[in-house]
Amino acid sequence: MPAHLPRDRALSLGATLILGALCLAPGARSDETCMSPYMAKITGQEEYVYVWTLGVEGLGDGSDKLVTVDANPASPNYGKVVHSYSVGGRHEAHHGGFTDDRRHMWLAGLDSSKIFIFEVKSQPSRPQFVKVLDNFAKETGGAVGPHGAYALPGRMLVPCLSNSRDHDGRTALVEYSNEGRYLATHWLPTDADPRGASIDKLADGYGYDARVLPRKNVLLSSSFTGWSNYMMDFGKMAQDPEAMKRFGQTMVLWDFHARKPKQVFHVPGAPLEIRWANGDKHNYAFTATALGSKLWLVYEDDKGQWQAKAVGDIGEPSKMPLPVDISLSADDSTLFVSCFGDGKVRVIDVSNPHQPRLIHEQVIGRQVNMVSQSWDGKRLYFTSSLLANWDKRGDDNEQFIKAYTWNGSALKPQFAVDFKSAKLGRPHHMLFGSSKLYSSEEKAKVTASK
Amino acid sequence: MKLLSPALATASVFIGLTLGPVACGKEGEASVPSRPELALPRSTGFDYVPPEPGTYTLPVIRNAADGNVLDTSGKSASLRHLTQGRITVLSFIYTRCASANACPRATGMLKQVHRLSEQDAALADALRLVTLSFDPVHDTPERMRHYAAWSQTKKAAAEWCFLTTPSQEALAPILTAYDQEVDRRANMNDPLGPYFHPVRVYLIDREGRIRNIYSFGTLDPRLVVTDVRTLLLEEKQRVAENR
């Protein structure tokens with residue numbers, strides 16, 4: 001394996017490309033490719049990008065907020081903020097997700113452990129706040145730091161980052177009904193309590209992301225760090241050897257239906273986002289390790305056993321590019337990896353998942369975090385904020401959403417919103433919305449009420 | 001996946017049922033294997049071995065709601081009455097649905113569970129299947145009687161009730177209580193059917209509490225029957241603890 005992935009093409013920073021006509025395709029096709037497999041689907045062009053945004057003291061109202069950006073090229077408001085709802089206070093807004101019927105959006109705060117629920121069906125351009133779940137630690141038996149929400153049939157899976165006892169990384173997966181009723185807590189396995197799982201090397205009990213592959217009845221979870229680290233100033237933490245030891249080194253494969261951990265893989269360097277391949281016979285998933293700067297593959301081998309292995313470096317690990325988010329194309333051929341450290345996106349050909357090849361890299365900004373792509377792979381969106389206390393300082397602290405088209409060889413900018421100039425805050429997680437998900441009757445009701 | 005016409009979609013999945021007091025099927029003969037569901041082959045969509053019953057728990061999600069429903073003879077009934085007393089698998093469908101991964105798939109799964117109950121008297125005794133239409137205008141009791149005719153079997157099996165509602169007004173609170181979204185397509189003559197909806201099938205215990213919800217990706221009859229057995233083991237344990 002080479003020290004870094006070979007490049008096939010030169011970088012190309014093309015001119016702005018105006019998007020063509022909408023492509024409407026009936027039938028069950030997904031939108032952005034990292035959504036839960038149980039969710040209702042968007043057909044065609046996404047109309048909105050919902051951005052869960054951290055408030056910044058002294059900037060605008062200083063509050064965490066849900067920002068709606070118009071993403072429809074045919075709209076006169078294309079590329080503009082069309083709605084914003086402040087939830088009051090700063091909760092370390094981080095990730096969220098839709099319910100399986102796509103009526104509601106759950107948005108979580110890593111610090112307060114509150115989950116804000118919005119209704120999006122009635123007016124997709126203006127999500128309506130419904131309620132907040134504000135008793136998370138007590139209800140769950142001590143899990144804190146809800147890291148987003150993942151749709152299951154009729155319920156939500158909330159992977160967490162920490163616990164209320166010592167605020168370290170020991171944590172759990174939690175389930176709620178779609179109505180917000182607490183259902184169950186599943187603690188990650190540890191060395192002291194493996195819960196029946198086989199352990200490669202160690203079981204740290206840490207969590208981060210959790211994704212299901214329904215046809216194999218498996219769930220895969222990854223690991224990050226606890227509240228005491230993610231709420232600490234990054235510079236201070238980086239100088240603290242004890243703090244730097246407290247990062248996840250594991251991924252856990254679960255029997256999804258029984259919610260039982262089966263295997264704990266040793267994946268050092270904080271494996272973060274997980275993306276299962278989409279193909280019917282593609283029994284594998286990718287993750288990137290933020291501190292290790294490696295691309296990892298978790299796969300079912302030809303004996304039906306699950307394995308985990310590093311398949312390549314992301315950038316020069318010694319330069320700490322910090323890969324933080326990944327997005328896999330619908331045809332499983334291309335992986336976009338956003339790197340917070342150098343602000344670049346690296347585009348990797350993963351047609352052969354065991355032998356990935358770098359095909360393009362491009363600077364998005366001075367810092368970049370989340371990446372979301374459309375199902376057809378033609379449009380990508382990036383946001384900038386990682387964590388309030390970890391974002392860069394000074395001029396490097398750009399805060400944006402940027403939209404691009406991807407033509408197979410280069411990313412061409414379409415629009416950008418400066419969240420600092422707009423006095424909105426630090427943009428983080430993105431979710432797509434479309435009025436076409438919902439019935440013509442609902443749209444007629446909305447039109448009539450205007 | 002090739003789309004089926006509504007008639008073909010429904011024709012592909014059913015055997016009939018015998019009428020009873022609420023027009024449900026009848027139950028119980030001596031059975032053979034302990035877990036006949038394990039004889040069902042793995043498939044691309046369900047490529048795993050199901051967990052052992054009783055090795056996991058099924059939390060209570062919420063109480064199953066009541067509602068005014070009609071059986072295939074047009075007789076009025078309480079939905080709650082039909083979701084208590086036995087372990088119930090409740091599926092919301094409409095017969096005009098031609099989306100292969102939606103209602104036909106759900107009903108096909110119930111059919112497989114029904115067939116499995118032919119081989120297991122204890123399962124047949126404990127289980128009730130309920131198919132409830134959310135299209136009361138088209139899915140009249142007569143229409144549901146036709147739909148149910150395909151589910152007839154020559155062997156004793158679990159009860160299987162086919163229901164509709166007298167009106168949209170009677171249906172609406174049921175859908176709300178079960179959190180079952182139903183939307184009209186812009187084109188009501190769409191070949192897939194006039195409605196689109198998330199597929200939801202509910203597992204309800206004898207006390208009328210929803211214990212699991214299945215959808216596209218989890219409509220595996222082996223898992224559903226495993227869950228039923230898990231609830232039966234839970235009941236047994238409760239009885240033992242109360243002695």
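**Entry 1: a sheet in chain A**

I started with chain A, where four strands make an open sheet in the order S26-S27-S28-S29, paired antiparallel. I noted that this is a predicted model.

Which strands stand at the edges? I found S26 (371-373) and S29 (411-418) of chain A there. Each has a single partner strand, so one side of each is left without a neighbour in the sheet.

Next I took one pair. S26(A) and S27(A), residues 379-383, run antiparallel and share three bridges. I picked out one partner: A:Gln373 is bridged to A:Leu380 in S27(A).

**Entry 2: where the chains meet**

I moved to the interface. Here 32 residues of chain B are in contact with 27 residues of chain A. The buried area between the two chains is about 2500 Å². Carbon and sulfur atoms give 49% of that area.

How many salt bridges does the rule find across this interface? I counted eight. One salt bridge I looked up joins A:Arg103 to B:Glu181. Their closest N and O atoms are 3.2 Å apart.

**Entry 3: the chain B side**

Which elements of chain B give two or more residues to the side touching chain A? I listed strand S7 (183-184), strand S10 (209-214) and helix H6 (221-241). S10(B) gives the most, with four residues.

Last, I sorted the residues on this side of chain B. They divide into 14 nonpolar, seven polar and eleven charged.

Terms used. Residues numbered from 1 in each chain as written. Chains lettered and ligands numbered in written order. Predicted model: local features only at pLDDT ≥ 70, side-chain atom pairs only at ≥ 80, totals over all residues. Heavy atoms only, no water. Contact = heavy atoms within 4.5 Å. Buried area = accessible area lost by both parts, 1.4 Å probe. Salt bridge = Lys/Arg side-chain N within 4 Å of Asp/Glu carboxyl O. Nonpolar A, V, L, I, M, F, W, Y, C, P; charged D, E, K, R; others polar. Pairing = 2+ DSSP bridges.
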